[in-house]
Amino acid sequence: MPTSLSPNLAPDKQREMLRQMLTIRRFEERASADYNAGKIYGVVHCYIGEEATAVGVCTALGRGDRIISTHRGHGHCIAKGADLNRMMAELYGRQTGYCKGKGGSMHIADFGIGMLGANGIVAGGISIITGAGLAAQMEGKGGVAVSFFGDGASNAGPFHECLNIAATWKLPMLYVCENNLHAAQTSAAQTHALPDVAGRAAGYGIPGIVVDGNDVFAVYQAANAAVDRARSGGGPTLIECKTYRQRAHTERKGQADPRDKAEVDAWMRKDPIALLERRLREQGELDDAGLQSIEGDIMAALEAAIAFAEASPFPLPEHATDDVFSA
Amino acid sequence: MRELTYNEAALEAIAEEMRRDPKIFYMSTDALPPLLKEFGPQRIRATPITEAALTGMAIGAAGCGFRPIVDWRQVTFCFVAMDQIVNQAAKIHYMFGGQVNFPILYRAAVGGGGLVAAQHSQSPYSMFMNVAGLKMFLPSTPHDMKGLLKTAIRDNNPVISFESSRLMARKGPVPEDDYTIPFGVADIKREGDDVTVVALAWLVHEALAAAEELAKEGVSVEIVDPRTLVPLDTETIRNSVQKTGRLVIADEAGPTAGFSAEVAALVTEDAATFAALKAPVKRVCALQVPIPYSPVLENHVFPDRGRITAGIREVLRGRRSEAA
Ligand SMILES: Cc1ncc(C[n+]2csc(CCOP(=O)(O)OP(=O)(O)O)c2C)c(N)n1
């Protein structure tokens with residue numbers, strides 16, 4: 001894929017993209033370490049290697065726009081502006097976490113910022129966010145809704161059902177497929193008749209676009225055009241971001257990772273953060289001091305989040321029965 | 001006898017049956033490496049993540065003479081296939097007047113303990129027990145797993161194998177030979193005289209631990225493991241309660257309209273068993289909530305040996321006249 005043009009974005013905004021992508025990476029590196037140290041429980045899926053997709057898309061959104069995520073959700077949360085303290089506290093199972101310790105890594109949500117939740121069920125979010133797209137259309141304020149999902153999810157019924165209804169009703173939607181070429185231990189090549197998920201858009205009469213998902217500018221530009229189209233009543237767009245998860249499916253030690261070593265290595269060389277950093281340097285918008293200052297801010301925020309999580313109490317056992325129903 | 005884990009016992013049963021019958025094939029969103037190695041990608045199929053389609057395809061293939069196995073993995077992943085399970089698999093044999101058979105095995109991991117929150121921890125077997133036309137079982141040991149799975153694969157109906165997440169790595173003796181365990185036959189995992197505990201899966205082991213402790217105080221606990229949920233061995237449960245006069249039901253699922261409610265009803269609606277009851281029946285179940293993530297909360301939600309012990313003590317203290 002050709003390198004994208006530099007977007008029509010102020011240098012500050014471009015550096016902000018780098019800051020967000022680095023935040024996702026450092027957050028997850030820490031989450032992985034703390035998971036293996038037994039401080040975070042259950043299962044953790046890292047987004048490392050795919051940061052350009054969430055950040056590129058969310059940069060094209062406003063605060064009133066809404067997104068939904070998957071089991072691999074930290075990146076979408078951070079890109080939409082979620083609070084690191086409450087995210088980390090949720091991973092730590094604390095009362096101060098986004099879900100009061102009820103959800104964990106796979107279920108972080110912040111409706112206040114338009115983040116309608118990570119989801120433990122593959123394709124489970126696609127219908128929900130399409131309902132948010134319907135809500136945005138009925139509200140009539142120009143809001144859009146974005147569904148993030150994997151290549152694996154694109155083979156599930158809700159993807160097809162929702163693309164059809166969104167196309168028919170011209171819902172203000174972006175369907176963003178993060179094609180990282182694998183679903184758990186099974187390759188997309190084994191489960192897709194065609195290599196491009198975007199090609200399916202033709203069957204629903206909507207635009208289907210393939211972008212380099214590791215090139216944050218390319219993702220931003222595709223998302224921006226799709227957002228304009230959605231806001232102006234043009235209906236949904238399917239954007240397929242070709243990307244790669246740099247780590248195994250989950251952070252559990254010792255799990256099988258049947259991916260081809262040469263394939264993994266090739267994608268490691270296309271790291272989205274390294275790519276953006278290089279381009280910002282080439283454009284003269286970043287130097288060593290600038291990068292250090294960004295890294296320093298991120299590490300400080302992360303340490304604060306860890307301190308917040310560690311200082312927070314666990315829920316009381318009897319909180320288990322709270323919130324089954326609303327009052 | 002050599003020991004296998006619960007999970008290994010399942011794989012052994014499946015491999016043995018697949019060697020015996022070439023009509024058996026396996027579909028799952030990830031292919032299990034040992035099975036793939038032996039049987040190849042035609043019979044061990046890695047599928048797209050499309051449980052609704054897989055569940056229905058199994059019905060079609062079964063109706064055309066094959067014996068499919070669909071591994072849903074977590075039971076929560078099969079909820080996207082509810083139409084195919086409830087409207088199609090369960091009803092089709094009856095609705096079409098018994099024209100052909102639908103020999104299907106669906107596999108699903110159930111229960112909690114993994115701190116993976118509500119969408120990956122559930123014990124919803126009673127939802128399926130409520131649907132006529134599905135057989136199902138839930139083994140507590142590697143031995144029972146192998147024997148029941150073989151029976152399930154040879155059965156000519158849709159059968160759901162519920163498999164306890166907490167027990168996957170647990171070891172136990174498993175005969176190397178080809179044996180089956182009939183459906184509808186409970187196993188008395190421990191004999192006793194003072195109180196009957198009907199327990200499922202992991203809670204069989206928790207009940208055994210509770211019984212061991214209580215034996216030191218001279219309390220004699222009988223533990224009945226139904227093993228199959230449909231058909232359910234009502235007779236063994238009633239006989240045990242008639243002997244002991246006291247009943248505790250332990251289930252990792254919530255109580256509402258659950259397996260435990262069914263057992264309580266089967267015991268109390270039978271005149272002879274009802275007459276033998278010396279105390280109210282006690283259910284020791286999970287709280288009726290989606291399963292939370294944080295360990296403090298998850299621990300609070302699930303029953304364990306401590307709560308079973310408390311339940312046993314309660315029924316030992318209980319009197320029929322209390323209600324008056
Ligand atoms: C309905 C359902 N089936 C199976 C699973 C188990 N599972 C969790 S993640 C995953 C792979 C998902 O692949 P993809 O959608 O491509 O997302 P990725 O993990 O690559 O980000 C699977 C099979 C699930 N969570 N839900």
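# A tour of two chains and a ligand

Select chains B and A together: about 2300 Å² is buried between chain B and chain A, and carbon and sulfur atoms give 69% of that area. Buried area here is the accessible area (1.4 Å probe) that two parts lose on being put together, summed over both. The size of an interface is often given in this way, as the accessible area lost when the parts come together.

Before going on, note that this is a predicted model: local features need pLDDT of at least 70, side-chain atom pairs count only at pLDDT 80 or more, and totals for chains, interfaces and linings use all residues. Residues are numbered from 1 along each chain as its sequence is written, chains are lettered from A and ligands numbered from 1 in the order in which they are written, and side-chain values use heavy atoms, with hydrogens and water left out.

**Stop 1: the interface of chains B and A**

Stay with the two chains. Now widen the selection. In contact (heavy atoms within 4.5 Å) are 30 residues of chain B and 36 residues of chain A.

How many salt bridges are there between chain B and chain A? The count is zero. A salt bridge here is a side-chain nitrogen of Lys or Arg within 4 Å of a carboxyl oxygen of Asp or Glu. Polar contacts do occur: nine residue pairs across this interface, both at pLDDT 80 or more. A polar contact is a pair of N or O atoms within 3.5 Å; within protein, one must be able to donate a hydrogen and the other to accept it, and residues adjacent in sequence count only if both atoms are side-chain atoms.

**Stop 2: the ligand**

Select the ligand next. It lies between chains A and B. Show the 18 residues around the ligand (a heavy atom within 4 Å). A:H71, A:R72, A:G152, A:N180 and B:E51 come nearest.

Zoom in on the oxygen atoms of the ligand. One is 2.7 Å from a polar backbone atom of A:G152. A polar side-chain atom of A:N180 lies 2.8 Å from an oxygen atom of the ligand. The protein buries 94% of the 580 Å² that the ligand exposes when taken alone, by the Shrake-Rupley method with a 1.4 Å probe.

**Stop 3: inside chain B**

Colour chain B by domain. Domain 1 is 3–173 and domain 2 is 187–317, with bounds from an automatic or database domain assignment. Their centres, taken over C-alpha atoms, are 26 Å apart. About 2200 Å² is buried between these two domains of chain B.

Which salt bridge can you show in chain B? Select B:R227 and B:D144: their closest N and O atoms are 3.2 Å apart. Between domain 1 and domain 2 of chain B the count is three salt bridges.
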